[in-house]
Amino acid sequence: MLCAHWSRLRRVSSRSCCATALRSTHSSTRLSSSPERIMKTFCSVWLLLSVVELSPAQEPPLPETAEDMASTGDLEPTHYPARRAAQVALHYLNTRHGSPFRVFGLQQVHKASAEDVEAGGRKYKLDFSVTDWASGSAGPALRCSADVLFPRTERHSAPDVKLRCEALQQINRTVQEEEAFYQKHIPPDSAVSARDIPDSYGNMSEEMQPFWRLARVAASFIMLRESSENTEFNMVQMASVTQQESSEEQLMLEFVVLLHDLPSQEIVQWKLLASWSPDRGVRVLQTEWQPRCPHATKPPN
Amino acid sequence: MRGLLVLTALFVAVFGKVTFEGDQVLRITAQDAEQIALLKELPEEILGLDYWMPPSRVSLPVDVHVPFHSLQAVRVFLAYHQIPYHVMIENVQDLLDDEEREMVKYRSFPRSTDDFVYTTYHDLNSINSFMDMLVAENSNLVSKIEIGKSYEGRSLDVLKFSTGANRPGIWIDNGIHSREWITPASAIWSAKKIVTDYGRDPVLTDILNNYDIFLEIIANPDGFAYTHSNDRMWRKTRKPNPGSSCVGVDPNRNWEVGFGGSGASSNPCSQTYHGPSVHSEPEVKAIVDFVKSHGKLKAFLSIHSYSQMLLYPYGYTSTPAKDQAELHELARKAVSELQSLHNTAYTYGSVITTIYQADGITIDWTYEQGIKYSYTFELRDTGRYGFLLPANQIVPTAEETWLALMAIMEHTRNNPY
């Protein structure tokens with residue numbers, strides 16, 4: 001059954017995006033061109049007309065798909081049911097152990113099985129390997145096992161993950177880089193800000209890599225929370241990073257990230273506020289889903 | 001007089017060009033205020049120093065571009081006063097040369113497909129001129145066919161590689177989902193590969209002596225143009241939907257077999273919107289018409305990204321395809337060939353079991369038309385960069401994908417039906 005959240009998302013996105021677009025054009029100092037003015041007028045009228053339907057509707061439940069009858073028992077490790085569960089475990093791993101110099105990616109699922117559980121929901125047992133993207137192709141693969149429980153509730157709730165990775169504690173080689181990065185950006189005059197990392201051509205400077213990784217780790221909190229058996233999330237871009245005033249000796253960063261969900265092919269935008277320090281790791285303090293106008297124009301990057 | 005001026009200008013141009021050969025950029029980390037004061041006393045003008053970050057506070061590094069002729073003196077000075085530093089840029093001229101090369105690449109228009117830059121992403125204009133150049137350079141082998149027009153009136157072009165008439169054909173399409181930039185980039189490389197290898201590689205030569213290859217580099221040019229001008233993440237066509245403010249139809253949900261099922265969306269705002277009716281999109285209709293009128297296509301390969309998968313029908317039903325066993329085994333072989341080059345791991349299987357249920361997809365229709373070897377490729381990567389695959393992966397991706405394409409084409413050639 002498609003996540004109720006998702007279907008609401010799709011229906012609401014086209015309406016509220018217009019409101020956001022209006023708000024942003026009001027606050028921008030750009031000269032508004034004729035098409036923009038037309039868009040604004042159209043949006044205002046359309047918004048007025050559709051305001052009645054704006055509240056999250058009680059959608060008729062979507063019919064069950066073949067996905068719902070996904071297999072239980074032993075799973076093909078390379079196919080989507082096992083892979084989605086493994087990705088969820090990866091998101092969990094990154095929230096716990098990710099840093100500006102460490103982001104884990106799935107290398108391979110070795111074994112997987114699933115069973116329905118009494119309280120309602122499905123539990124996946126996984127045996128898989130991960131690599132650290134920051135260490136490039138030279139890095140070793142870590143072996144992990146995880147239990148991932150997807151609950152079956154009326155409203156979406158986050159999956160539950162129990163994870164064990166061998167030798168995790170032994171790979172603490174990034175302490176120096178973390179410390180240097182922290183010292184460089186914790187002073188009050190540090191005010192990092194950037195957009196579109198990587199750019200359309202996949203370019204990302206050396207300097208931006210740790211920020212991209214931090215965004216990826218912070219986004220993992222959201223991806224973990226939003227995941228279900230019917231989603232498969234990746235972060236496709238750090239749309240922006242804006243350093244905020246440091247607080248309690250934590251680097252404070254406001255990110256806007258673009259997430260891609262494979263089954264629906266949707267691009268989802270989230271704004272989030274995260275803190276990081278070598279001691280405390282990444283914490284996500286605020287998240288805000290941002291509608292993406294499917295038909296609006298935006299300045300080319 | 002004028003001649004003298006010209007000569008002088010030429011002289012200056014040739015001999016006056018500044019060079020930074022041997023210059024270095026040093027990063028100096030002063031340890032206390034005294035050292036900062038010392039640095040400030042360095043005679044900038046005499047030494048020709050150019051501060052990228054001038055000495056100010058102890059906590060901030062000092063970055064300075066030191067010309068070659070002053071390097072010795074500066075290093076002696078720093079060593080004498082025990083001021084720590086390290087070399088940030090070993091040779092400034094090298095850096096400038098690299099940059100110049102990059103700039104020239106993008107500034108000049110390639111005059112031939114040998115000049116063309118395969119290691120970067122191109123826009124529509126550039127791709128169109130590539131196609132025209134390739135045809136002009138290889139007119140015995142390659143021609144360009146227009147199979148239709150996009151919604152916004154752009155030409156839907158297919159390159160036909162042919163060495164004789166009335167041959168059965170192999171079809172490869174790319175860029176049907178516009179944000180999947182790696183696919184047209186890879187196709188450009190493949191097009192060049194075909195003309196280079198014909199007459200040299202015995203397997204390809206044999207294939208082309210018996211089959212035509214049809215290569216559509218950009219199946220969705222409207223969407224592609226939009227990814228350059230407005231939204232890099234655009235997937236669909238650009239046809240408006242009446243009664244909705246949302247534009248576009250998913251061209252890989254618009255096909256007849258399984259049309260309108262739950263593996264597609266009926267919401268025009270959705271990325272997987274199937275469209276108002278079967279083959280409603282001109283981009284799709286053009287291919288449908290071509291396939292039907294050709295009547296003798298024997299392999300149909302639709303290239304997408306990302307996920308690193310090789311998929312065969314069906315997407316709309318879990319009922320196995322009649323030829324599942326053969327398709328599965330051929331996929332295994334093609335993936336193994338692909339992996340042999342750069343160790344890129346691919347998954348393979350039917351669409352519905354491997355990636356997700358998808359209704360109204362291209363290869364379900366082509367398979368039902370009788371084109372047995374119908375496959376969808378999902379190229380690099382598996383989500384790290386996703387659609388924004390770095391340009392330095394274009395050629396490795398194209399190279400490995402080519403091995404898989406060859407495996408399928410070779411099998412098709414050796415198993416006529």
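This is a predicted model: local features need pLDDT of at least 70, side-chain atom pairs count only at pLDDT 80 or more; totals for chains, interfaces and linings use all residues.
A:Cys144 and A:Cys165 are both buried, where buried means under 20% relative accessible area, exposed is over 50% and partly exposed lies in between (1.4 Å probe, protein chains only). These two cysteines form a disulfide, that is, a pair of cysteine sulfur atoms within 2.5 Å. Their S-S torsion is about 105°, so the disulfide is right-handed. The bond links distant parts of the chain: A:Cys144 sits in strand E4 (residues 141-151) of chain A and A:Cys165 in strand E5 (residues 160-165) of chain A, 21 residues apart. Helices (H or I, at least four residues) and strands (E, at least two) are DSSP runs, numbered from the N terminus.

Residues are numbered from 1 along each chain as its sequence is written, chains are lettered from A in the order in which they are written, and side-chain values use heavy atoms, leaving out hydrogens and water.

The count over all chains comes to two disulfides:

| Pair | S to S distance | S-S torsion |
|---|---|---|
| A:Cys144 and A:Cys165 | 2.0 Å | about 105° |
| B:Cys246 and B:Cys269 | 2.0 Å | about 85° |

Over in chain B, the disulfide of B:Cys246 and B:Cys269 is right-handed too, going by its torsion. Both cysteines lie in the loop between helix H9 (221-229) and helix H10 (282-294) of chain B, 23 residues apart. B:Cys246 is buried, and B:Cys269 is as well.

As for domains, whose bounds come from an automatic or database domain assignment, chain B has domain 1 (24-90) and domain 2 (113-414).
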